[in-house]
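Good morning, colleagues. I would like to take you through one model, from its overall fold to its core and its surface. Please turn to the sequence and structure now displayed.

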Amino acid sequence: MCVKVICRVSEKKFVVETRGGDKAVVILHDDGRREIYHFSYDDPDDSISMISMDDDEARQLAAIVGGLTYKPKALETIDMALDELIIEWYRMEPHYDGVGKTIGELQVRQASGATIIAVVDKTRGKRINPGPDTILNADSMLVVVGERPQQRLFKQILLNGSG
């Protein structure tokens, strides 16, 4: 996720671009109002929806989105069971140097310590526990387990095509 901050005298503007391609703009006014704009995939300059909130409404929404008001029971159990392990989803962006290479070529486990536990590909379907000969295609989703430092190294391997 990418967040850009633009400051003006009476407002602060945040541009948020998610890994999934969504774009939102949040404007915080000095009077406490917040505006959130959601933009079209096809035209990133075309706002397709907008909501305006006062300070209390914005704080309530932030608590909900941030998981402060509710955490699903299943997630609590997973957090306790996995302890330091984190499961992350990565989209293989077309510009990544790891695109077209196999898991073995990238030496994912040896170089990062993380493990790819599934690959979901539009053309080849879902592969659980993929082997070292599995080719990582553009736009595939990778499900990866590892501790936070291992996840960071894994992301670098995808971007650079090597550890």
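Among contacts in the protein chain between residues at least 6 apart in sequence, 42% join residues at least 24 apart; contact here means heavy atoms within 4.5 Å. The model is a predicted one, in which local features need pLDDT of at least 70 and side-chain atom pairs count only at pLDDT 80 or more, while totals for chains, interfaces and linings use all residues. Residues are numbered from 1 along each chain as its sequence is written, and side-chain values use heavy atoms, with hydrogens and water left out.

The protein chain has five helices and nine strands, taken as DSSP runs numbered from the N terminus (helices: H or I, at least four residues; strands: E, at least two). Along the sequence, their pattern reads β-β-β-β-β-α-α-β-α-α-β-β-β-α.

Of the 163 residues in the protein chain, 29% are buried. Buried means under 20% relative accessible area, exposed means over 50%, and partly exposed lies in between, with a 1.4 Å probe and protein chains only. The accessible surface of the protein chain is about 10700 Å², and carbon and sulfur atoms account for 54% of that surface; accessible areas come from the Shrake-Rupley method with a 1.4 Å probe, and for residues only the protein chains shown count as cover.

Let us move to the interior. A nonpolar core is a set of buried Ala, Val, Leu, Ile, Met, Phe, Trp, Tyr and Cys residues joined through side-chain atoms within 4.5 Å. The largest one has 15 residues, of which I116, L136, L142, V144, F154 and L158 touch the most other members. At least two residues each come from α3 (103-106), β7, β9 (141-146) and α5 (148-160), and α5 gives the most, with three.

Which residues does I116 contact, leaving aside its neighbours within four places in sequence? They are I103, V108, P130, L136, V143, V144 and F154.

T102 lies in the loop between β6 and α3. T102 counts as buried because its relative accessibility is 15%. Not counting residues up to four places away in sequence, T102 touches P132, D133, T134 and I135.

Finally, the surface. I87, W89, I117 and V120 make a nonpolar patch of about 340 Å². The elements giving two or more residues to this patch are β6 (86-91) and β7 (115-121). W89, in strand β6, is partly exposed, with a relative accessible area of 48%.

Technical notes. Patch = residues over 30% accessible without salt bridge, like charges linked within 9 Å, V, L, I, M, F, W, Y side chains within 5 Å. Salt bridge = Lys/Arg side-chain N within 4 Å of Asp/Glu carboxyl O.
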